Amino acid sequence: MEKVQAQKDRVPALPDLFDFAGDSVRIRSARCASCGTYFFPEYHAQHRSGCTREGVERVLLSNRGKLTSYAIEHYMCPPPFKTSASIAPYGIGLVEFPEGIQVAGLIMESDLDALAIGQEVETITYTLYSNDAGQDVVTWAFRVLK
Amino acid sequence: MREVSIVGVGLHPWGKFKDKTFVEIGTVAIANALKDADIEWNDVQAIFSGIYIFGGNAGHISGQYLESVFGETGIPVVNVYNACATGSAAIRMAYNSIAAGEVDTALAVGVDISPEGFLSAKSDNPRQDRDVLRWRMTGMPNPVYWALECRKRMAKYGTSAEDLARVKVVLSQYGSKNPNARYKKAYTLEDVANSLMVCDPLRLLEICATSDGAAAVILSASPGAIQRANRPVKIAATTMGSAHYGDPTLRISALSAPAVAEAPLLSESYSASRAAYKKAGIGPEDVDVLELPDNSSWHYLQYLETCGFCGEGEAEKMLRDGQTQIGGKLAVCPSGGFSSFGEAVGAQAIWQVVEASDQLRGRCGARQVPNARLAMAQTYGLMGNSGTTILKI
């Protein structure tokens with residue numbers, strides 16, 4: 001009951017980028033059936049040269065991936081990055097999904113000092129701030145799996 | 001295609017000039033270039049001007065605004081933008097226009113007055129502008145992108161924190177000897193290693209600042225102009241490159257990159273530099289002076305490899321062995337680099353060419369590279385922008 005309520009109260013900071021309606025959070029990517037390329041977001045089309053660009057389909061990336069790099073930002077990013085309070089220092093990771101694409105995102109709920117390339121991570125939502133309607137405005141993020 | 005030379009160069013100092021307009025600082029650079037070339041404004045037959053993106057509509061037609069100062073003569077004026085490779089684009093267009101015989105003498109100019117601190121998104125349409133996404137959804141200013149690549153490099157090749165600090169030490173030695181540099185302090189390894197961590201693993205002194213500045217270059221194939229010039233410098237090649245599919249670099253402002261590399265890292269720079277070597281009929285081993293885009297210590301190391309100056313994973317050794325210093329195998333950024341100047345987006349690539357040509361003309365005093373005959377200026381612009389200019393005397 002509580003879990004469903006929490007989901008109803010989350011809204012994405014920008015639409016069509018990730019899915020959190022189900023049990024797990026999944027980044028919404030696209031794949032071209034003709035050249036096999038995955039791209040994120042779906043409107044950042046990247047085809048192989050000569051591709052007919054036919055058969056682009058939306059796909060949800062796996063919920064789990066591998067950390068291929070990370071950085072720790074010690075200074076808050078200025079607007080339009082909006083958070084309810086300063087989150088610095090915060091982590092940013094590059095995660096490789098089994099589909100064959102690396103996606104960047106915040107690293108939250110993880111020990112930043114213990115980050116290491118190769119760690120398995122899962123995609124989560126992260127609440128940036130609450131809006132006037134009392135909803136949690138969220139983005140996608142990654143959490144290192146213990 | 002006929003041979004084209006640089007007959008005059010000019011700069012406005014690099015620094016912070018919030019109370020000036022881009023026209024004012026651009027005018028200084030152009031006036032200095034005309035004086036250096038000893039030609040009149042009426043001799044300029046085409047203008048290729050870097051777009052000044054923080055200047056509204058005026059900045060987008062910077063060339064016309066600058067032409068107005070010196071006198072509108074009805075000549076072709078083209079305004080060009082290629083992110084931090086903007087200056088390269090202007091030079092290449094000026095070169096091509098002259099080489100093809102359209103005009104004999106042309107001006108390439110770039111100006112920038114950057115807003116304070118972080119560079120932010122200029123639109124709010126996320127479907128159209130990826131900047132909006134990387135700001136709003138992931139809080140990723142530019143240094144994060146470089147930090148992510150740097151961390152990968154450290155894991156792959158064992159780049160140490162000391163290597164990153166050493167880059168700044170070497171660059172600052174030259175900055176301290178460059179009267180035009182904004183930052184003239186010579187740093188020690190300890191200074192740099194103790195500087196604030198900004199975006200781990202990159203520290204404050206390992207990331208370049210943003211600056212305001214303007215630079216101008218006058219190119220010509222006119223025998224009269226070349227004769228009047230004080231040690232004209234020949235352009236052996238001026239190329240541009242865009243990225244290749246399968247480039248694993250996480251490019252500003254993207255949020256994704258391929259997992260499997262099918263192209264080199266920084267493929268746009270790989271493309272531009274290889275095309276330049278081919279056009280100039282040289283190899284990296286022939287270059288005496290290199291001005292590379294040292295936005296961070298990572299760039300310095302990576303660009304040595306991307307442009308073929310050493311093998312993969314060997315840049316750190318090249319640096320540690322002193323081979324990137326004046327007197328070493330290759331003099332890298334004897335100007336002091338972005339590290340000592342800060343970056344003025346639209347002007348930076350032209351500034352690199354000014355510095356490189358000054359070396360060939362023997363004007364660099366305490367940081368002169370002995371017997372400099374061949375120089376190269378290499379740029380890096382977000383989302384797959386790059387240009388390479390090779391000069392010889």
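Ala94(B) is in contact with Ala46(B), Phe48(B), Ala106(B), Ala108(B) and Leu219(B), when its neighbours within four places in sequence are left aside; two residues are in contact if their C-beta atoms, placed from the backbone, lie within 7 Å. The structure is a predicted model, in which local features need pLDDT of at least 70 and side-chain atom pairs count only at pLDDT 80 or more, whereas totals for chains, interfaces and linings use all residues. Residues are numbered from 1 along each chain as its sequence is written, and chains are lettered from A and ligands numbered from 1 in the order in which they are written.

Ala94(B) also belongs to the largest nonpolar core, which has 160 residues; Ala94(B), Ala108(B), Val217(B) and Ile350(B) are those with the most contacts inside this core. A nonpolar core is a set of buried Ala, Val, Leu, Ile, Met, Phe, Trp, Tyr and Cys residues joined through C-beta atoms within 7 Å. A residue is buried if 20 or more other C-beta atoms lie within 10 Å of its own, exposed if 12 or fewer, and partly exposed in between, with C-beta atoms placed from the backbone. Domain 1 (5-116 + 212-233) and domain 2 (130-208 + 235-392) of chain B both contribute residues to the core, so the core lies between them; the domain bounds come from an automatic or database domain assignment.

Chain B also holds an open sheet of ten strands with mixed pairing, in the order E3-E2-E4-E7-E1-E8-E13-E12-E10-E11. Strands (E, at least two residues) and helices (H or I, at least four) are DSSP runs numbered from the N terminus, and two strands pair if DSSP finds at least two bridges between them. At the edges are strand E3 (77-80) and strand E11 (331-332) of chain B, each pairing on one side only.

Within this sheet, E8(B) is mostly covered, with eight of its nine residues buried. Seven bridges join strand E8 (residues 233-241) of chain B to strand E13 (residues 386-392) of chain B, and the two run antiparallel. Along this pairing, Ile235(B) stands opposite Leu391(B), and Thr239(B) has Thr388(B) as its bridge partner. Strand E1 (residues 5-15) of chain B pairs with E8(B) in the antiparallel sense over two bridges, and here Ile6(B) stands opposite Val233(B).

Chain A has one helix and ten strands. Buried residues make up 36% of its 146 residues.
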